[in-house]
Every structure is written in structure tokens, then in C-alpha cells.
Amino acid sequence: MGILEVKNVGKRFGGLQALSEVNLSVRENSVHAIIGPNGAGKSTLLNCLVGKLIPDTGSVMFDGKSVLGRAPYEINQMGISRVFQTPEIFGDLTVLENMLIPCFAKRDGAFELNAISSVMDQKEVLEKAEHMLEEMNMADKRHMHAAAMSRGDKRRLEIGMCLSQEPRLLLLDEPTAGMARADTNNTIDLLKQISDERDITIAIIEHDMHVVFSLADRITVLAQGTPLVEDDPQNIKGNPKVREAYLGESA
Amino acid sequence: MKSLTKNDLTLLVAVAFLTLFAPFILNPFPEGSAMAQFNAGYPDLMQRFVIFGIFAIGFNILFGLTGYLSFGHAAFLGVGSYAAVWMFKLLSMNVIPAIILSVIVAGLFSLLIGFVSLRRSGIYFSILTLAFAQMMFALAYSVLTPITGGETGLQLALDDPRILGSSQTPEGNIPVPGLFGMEMRDSFDLELGSWVFTFNIGYYFCALVLIASFYLAIRIFRSPFGMMLRAVKSNQQRMNYTGLNTRPYTLAAFVISGMYAGLAGGLMASMDPLAGAERMQWTASGEVVLMTILGGAGTLIGPVLGAGFIKYFENIFSKINATILHEWFAFLPDGLEDFIVAILYPFIGKGWHLTLGILFMMVVIFLPGGLVEGGQRIRSWLQARKSKNGRPNGTTEPAE
């Protein structure tokens with residue numbers, strides 16, 4: 001039994017069957033990659049996992065509890081953090097403030113009207129945020145406006161913000177899309193380090209095979225809304241069905 | 001003043017200085033001189049400066065921090081005014097209970113309206129708040145006449161109960177609002193040479209409330225709550241995926257800014273104990289939006305500057321008429337004088353809206369950050385000039 005269990009999930013948009021009978025099991029503390037050609041339904045599946053979309057059929061269980069029908073913030077409180085294809089950070093805030101927000105948001109996300117106390121008096125939270133920035137090698141950028149950073153730095157910050165919440169499952173949606181090669185390799189190293197050092201499960205949606213094969217312990221191939229195979233990376237590489245799904249499309 | 005940074009403290013001291021010395025600052029021209037009509041240091045106008053300053057500070061907590069643009073904030077100001085006048089009618093002429101009730105009633109109304117309106121964001125939120133405010137205006141104007149006085153407005157009467165005070169003064173007049181014996185309308189004139197400075201109790205009461213409101217706004221801006229509100233403006237998606245429900249934050253900001261509006265309404269009624277429905281009309285709501293944007297939305301001092309700017313224009317520019325213009329340009333040959341007066345005439349008197357509109361457009365186009373951005377540009381220009389003339393300054397200031 002994995003930490004994330006997807007059973008028979010189907011989703012239809014008008015006349016398009018985006019997902020049908022998707023079954024997926026993500027083992028705890030593994031790195032699970034979901035790959036597939038364009039239009040295979042990867043992003044739709046991810047949106048079903050985080051509460052942005054509600055599937056028409058099937059169930060999604062996280063740690064034995066259903067996530068269906070819960071708002072994104074409630075699903076995050078269950079311990080799922082998400083990294084977006086284009087980094088979603090607080091562009092108008094400084095890097096330090098970006099990191100402070102998830103540090104203030106405790107896991108239960110309870111609303112606190114701390115309108116009179118000063119941010120600078122919250123020593124514990126400040127320390128936690130500074131520590132996380134150092135871990136992400138961004139301490140020198142702490143007073144920069146987040147929007148002014150490079151794509152790679154924004155991605156690093158976003159991952160750091162997710163990690164500061166100590167999630168049990170980290171979902172990444174094409175984390176290296178649109179990145180320069182050096183930034184891609186940095187991101188791969190960062191993710192490797194995270195999965196080695198932390199008690200965390202990572203599910204990653206990716207296009208770039210280089211990223212997938214350097215990270216994943218387990219791979220699910222999605223094609224036309226259904227899983228084609230789920231196997232270990234070395235078996236996926238030689239699998240003729242996978243070749244067909246990819247090459248057939250490009251030929 | 002624990003945990004205020006040096007910059008914030010400077011700002012607070014500046015606001016305190018400006019408000020406390022306003023009778024001097026706003027009366028720079030001697031009495032009877034040609035420029036005397038540009039003096040704004042009379043109690044009625046100074047009171048309006050600070051009351052609308054408070055209103056705009058509160059509006060900025062919602063609009064400047066969260067980015068939610070409410071087009072119905074005057075409704076809370078109106079509700080606050082009605083609440084205060086009812087307190088004067090029923091309880092006593094002391095302004096403290098009246099203002100407390102204004103703030104509470106405005107808070108309750110904003111809780112209700114905010115709860116419904118904040119289900120939507122962007123333009124839909126604005127339209128919802130506008131709809132609520134117009135409904136409240138229409139109700140106050142017609143069906144709720146027993147409570148609001150309808151078209152004539154809510155006024156004090158000689159037979160009001162005033163259970164803790166007196167219904168009438170010994171002379172048989174309606175008592176005036178006061179604070180433990182000090183009457184709000186009492187003034188004291190100081191004559192220095194040909195200058196006359198007026199110190200009004202009501203004004204100083206409002207000024208102290210403004211300083212307290214401004215201090216509270218600084219605290220809110222610098223608090224974790226304020227940071228959350230800025231995060232809501234910046235990226236709601238990330239808030240949601242950080243396990244934070246944005247609704248309680250935006251609702252709290254809405255209620256706080258509604259209470260500021262109620263406070264302003266209560267003060268308005270304390271200065272002049274009557275309340276009319278026109279205070280709730282959409283033009284009044286639009287005015288506070290203009291003040292905030294003109295001064296600089298999201299900055300601390302901006303809304304106060306914007307409020308002062310607009311109220312000054314409204315009261316001073318609208319008083320200039322054709323005769324005054326002719327006096328000014330009397331030194332020119334007749335034809336030229338008439339020509340210049342004809343050109344300037346649409347911008348003065350009743351046409352002051354045109355001047356204000358043009359200024360507003362210029363600010364939005366050239367200074368999107370409002371008057372505050374203008375000030376910052378002048379400062380950096382001066383600094384650049386100074387470092388060019390004097391010793392070269394290699395260090396750069398960190399961006400704030």
C-alpha cells in the first residue's frame with residue numbers, strides 16, 4: 001500500500017476523455033515519475049491530486065484518507081505540497097518574506113489575527129526561514145524582490161518554500177521546463193539531495209528524459225489518458241510500448 | 001514605541017507634526033492678503049482633512065494590501081455616522097460612546113457585506129460591494145426613513161431622550177457634541193501680526209485619532225498579518241497551495257477597513273451632529289478610491305496625502321471664481337486678460353472636477369505609485385545631483 005493511491009480515476013472535458021481508469025500507487029519515500037507525450041493527461045492527473053479538479057470517477061487516497069472534494073489548502077494541510085510548472089511565488093515580496101509565509105503557516109494552516117505583533121519579533125519563525133534560505137543557498141538574496149530573480153532561482157525558492165512546510169509528499173509539475181541546462185542540472189542535484197536527506201516522497205511529472213532517468217525510482221508511462229506501464233527505470237528504457245508511444249507520435 | 005523601525009517612526013513623527021501644527025502650516029498667508037483664499041487652516045476644512053485621512057488609511061488596508069478594490073466603502077462611513085447620531089439622540093452628547101458604537105456597527109455591517117462579497121475577486125468583488133452600498137443608500141433614502149431621516153437626514157431634536165445627558169441646554173437649545181465638558185466646536189484664535197491661527201477642539205480630537213489610526217496602520221503593515229495580506233495580493237494560488245485559506249485574511253482586512261470607515265463616519269457626526277444618506281452614495285465611495293490611488297496605494301503615508309490633496313482642491317479651487325481671476329490678471333492688457341481668464345475659467349469654481357481629473361490622469365500615467373512615488377523620485381534625483389557635485393558615492397541604497 002503506497003502513500004498515494006489512485007484508483008480508477010477518470011475525467012472527461014466535454015467530448016474529450018482526458019483520463020480513464022488511471023491506477024497509480026506511489027510508495028513512501030520513493031521518487032515516482034509520471035511521463036508521457038503531450039496531451040497524455042499528466043497535468044490533469046496532477047490537478048486531480050491537489051484538489052484543483054475533481055475526477056468524474058475513481059478515488060484518490062493520501063495516507064489512507066480521501067482527498068476528493070477537499071479544497072487545495074486542505075489538501076496541503078494533509079501534507080501534500082505542489083511545485084508548479086511556472087514557479088508560483090510571491091513576486092511582490094522579498095525572498096525572505098516569501099520564505100516566511102510558509103513558515104508562519106503551520107501545517108494546520110489555522111488563521112491567526114496577529115495584526116499587532118511585528119514580523120521582526122517572531123524570532124523562531126525568522127530563524128526557520130533564514131535556515132531554509134541558507135539550505136537553498138539563497139541567503140545572500142534575502143532582500144531581493146522575488147520577481148527579479150532568474151527562473152532557476154525562483155524554482156529553488158519555490159521548492160524551499162514547499163520544503164519548509166515539511167510535507168510528506170512533494171508534487172512537481174515539470175520542474176525544469178524552460179530552464180537552461182545548468183539550471184536543470186542544479187535542480188536535479190537539489191531534488192536528489194532532498195530525497196536522500198529527507199523523509200519525503202516525491203512525485204514528478206516530467207517531459208525531459210534526462211531528468212526522469214537521473215531521479216526516478218519508479219516510472220509510470222501515461223498515454224492518451226491511461227497508464228501504459230508502471231515499472232523500474234531500467235525496464236522502461238527498453239520497453240517497446242513506451243518507444244511506440246513516444247516515437248509513434250513524433251514520426 | 002517598541003518594534004517600530006527608524007523609517008516608520010520618522011513617518012509617524014512626520015504625520016504627528018503635520019497634523020498637530022496644521023493650523024500654522026495651512027495658514028501661510030496673512031489675513032486679508034490676496035493669497036488668503038489659499039489658506040486652508042479653518043476648523044471645518046482641517047477636520048475634513050483628518051477625517052478623510054482616517055477613511056483613506058482604512059481603505060488602504062484593504063485595497064493597498066490585499067488588492068481587493070471596494071467600491072462601496074462609503075456605506076460604512078454612512079452607517080457610522082447614523083450610529084453616532086443615534087447615540088447623541090439616545091444616550092448623551094459625549095463623543096466617546098458615539099464613536100465606539102459607530103466603529104462596532106460599521107464592523108458588523110462590513111462583516112456581513114464582506115462575507116458575501118469576498119466570495120468573488122477582481123471586478124466581481126468591486127461590483128458586489130458597489131451593489132451593496134447602493135442598496136444601503138437607497139434604503140437609507142427611502143424605506144428606512146424612521147431610522148435614517150430619509151431625504152432630510154438624521155438630526156438632533158429638542159425632545160430626544162439623551163438618558164445620560166440633558167435633552168436641552170438651560171437656554172432651551174440642543175446641546176452640542178463634546179468630550180467631558182469640552183465642546184467640539186470651541187475654538188481659540190491666536191493673532192500674530194496679521195496672521196490668524198485657529199485652534200479648534202474638534203480638530204485636535206480628530207487629529208489625535210488620526211495619529212492613533214496611523215500608528216495602528218503601521219503596526220498592521222509590519223505584522224505577520226499584513227505580510228499575509230500582501231501575499232494574498234501577490235499570489236492567491238501559492239497561498240492556497242501553502243495550506244492557507246485566504247478568506248479569513250481578506251475578511252479580517254475588510255472588517256478592519258470597514259471599522260476605520262465607521263470611525264471616520266462617527267467623527268464626522270461628532271463634528272457636526274447630523275447624518276445624511278448622500279454620505280453613502282457611490283461618488284463618496286469613488287472619492288476614497290481616488291484619494292488612495294492619488295496618494296499611493298499600498299504605502300503608509302500615501303492615502304493621508306491623497307485625502308488632503310483632494311479635499312484641498314475641492315474646497316479651495318472650487319471657491320475661485322471669474323471675478324477673482326480678473327483681479328489676478330488685471331495687470332495685463334484687456335484683450336489678453338479676457339483671453340487668459342476664458343481659458344482658465346473651466347478649471348475653477350464648479351469646474352474644479354476638471355482640474356482634479358486632469359491631475360489624477362497625470363498621476364496615474366506618469367506616477368503610477370502616486371504622490372509618494374513623486375516624492376521618492378525627487379529625493380533620488382536630489383541625491384544623484386548631490387553625489388555628482390560632492391564626493392562620488394559608490395555605495396547604493398538597498399531597495400526597500
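Helices H3(A) and H4(A) cross in a right-handed way. The model that shows this crossing is a predicted one. Helix H3 covers residues 95-104 of chain A and helix H4 covers residues 123-135 of chain A; their axes come within 9 Å and cross at roughly 120 degrees. Angles of 65 to 115 degrees would count as roughly perpendicular and those over 145 as roughly antiparallel. H3(A) and H4(A) are therefore oblique to each other.

Which residues make up this meeting of helices? On the H3(A) side they are A:Val95, A:Leu96, A:Met99, A:Leu100, A:Cys103 and A:Phe104, and on the H4(A) side they are A:Val125, A:Lys128, A:Ala129, A:Met132 and A:Leu133. Sorted by class, the contact of H3(A) with H4(A) comes out as 10 nonpolar residues, no polar ones and 1 charged one.

Next comes the sheet. Chain A has an open sheet of 6 strands, and going across it the order is S6-S7-S8-S3-S9-S10, with mixed pairing. Strand S6 (80-83) and strand S10 (226-231) of chain A sit at the edges with a single partner strand each, so one side of each has no neighbour in the sheet. On average, neighbouring strands of this sheet are turned by 15 degrees against each other, if direction is ignored.

Within the sheet, strand S3 (residues 31-35) and strand S9 (residues 218-223) of chain A run parallel and are joined by 4 bridges. Here A:Ile34 stands opposite A:Thr220 in S9(A). A helix also packs on the sheet: H1 (residues 42-50) of chain A touches S3, S6, strand S7 (169-173), strand S8 (201-205) and S9 of chain A. The direction of H1 makes about 150 degrees with that of S7(A).

Finally, there is the split into domains. The domain assignment of chain A gives domain 1 as 1-79 + 167-251 and domain 2 as 95-166. How far apart do the C-alpha centres of the two domains of chain A lie? The answer is 27 Å. Where the domains meet, domain 1 of chain A puts in 12 residues and domain 2 of chain A puts in 12 residues. On the domain 1 side of chain A, the elements giving two or more residues are helix H2 (72-77) and helix H6 (181-197) of chain A. Of these, H6(A) gives the most to that side, with 5 residues. By class, the side of domain 1 of chain A that touches domain 2 has 7 nonpolar, 4 polar and 1 charged residues.

Terms used:
Residues numbered from 1 in each chain as written. Chains lettered and ligands numbered in written order. Predicted model: local features only at pLDDT ≥ 70, side-chain atom pairs only at ≥ 80, totals over all residues. Pairing = 2+ DSSP bridges. Axes fitted to C-alpha atoms, helices over the stretch in contact; angles between N-to-C directions. Contact = placed C-beta atoms within 7 Å. Parallel < 35°, antiparallel > 145°, perpendicular 65-115°, else oblique. Left-handed = near helix turned anticlockwise from the far one by under 90°. Nonpolar A, V, L, I, M, F, W, Y, C, P; charged D, E, K, R; others polar. Domains from an automatic or database assignment.
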